[in-house]
Amino acid sequence: QVQVVESGGGLVQPGGSLRLSCAASGRTFSGDNMGWFRRTPGKERDFTASINWSGSSTDYADSVKGRFTISRDNAKNTVYLQMNSLKPEDTAIYYCAVRPNRYTNYAAYWGQGTQVTVSS
């Protein structure tokens, strides 16, 4: 059974940093693109970042480009999202996605989400 579990969320002050982790289990995911989406209250889940199977190609939403970095460790079946220079508008539930499509908000598998709150 495939499981996708996020961790690392929490409360951080504006300008601070957090690193989210996504551990996938149930099979190997080294051949899959992976990604992060986020949902703010009253809005749909939006694409945030993605990384291809080898880690050689990444893609970001304009709102996080230059501040967030996605990476992966295939030996650990884990994907990371390093978030720097956080802003209050980054407050959201962050979801890890396996084989995501940024244009349709589809993914083969989703995690349960982790809350990130940016506030002073």
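Q: Is D32 buried or exposed?
A: The model is predicted; local features need pLDDT of at least 70, side-chain atom pairs count only at pLDDT 80 or more, and totals for chains, interfaces and linings use all residues. Residues are numbered from 1 along each chain as its sequence is written, and side-chain values use heavy atoms, with hydrogens and water left out. Buried means under 20% relative accessible area, exposed over 50% and partly exposed in between (1.4 Å probe, protein chains only). D32 has 8% relative accessibility, so the residue counts as buried.

Q: Which residue forms a salt bridge with D32?
A: A salt bridge needs a side-chain nitrogen of Lys or Arg within 4 Å of a carboxyl oxygen of Asp or Glu. The closest N and O atoms of the pair are 3.5 Å apart, and the partner of D32 is R99.

Q: How many residues apart are D32 and R99?
A: Strands are DSSP runs (E, at least two residues), numbered from the N terminus. D32 is in the loop between β3 (18-25) and β4 (34-39), and R99 in the loop between β9 (92-98) and β10 (109-110); the separation is 67 residues.

Q: Where does D59 lie, the salt-bridge partner of R102?
A: The side chains of R102 and D59 meet at 2.7 Å, N to O. R102 lies in the loop between β9 and β10, so the pair ties together parts 43 residues apart in sequence; D59 lies in strand β6 (residues 58-60).

Q: How many salt bridges are there by this rule?
A: R38 forms one of them with D90, the closest N and O atoms being 2.9 Å apart. The count comes to six.

Definitions and conventions:
Helix = DSSP H or I, 4+ residues; strand = E, 2+ residues; numbered from the N terminus.
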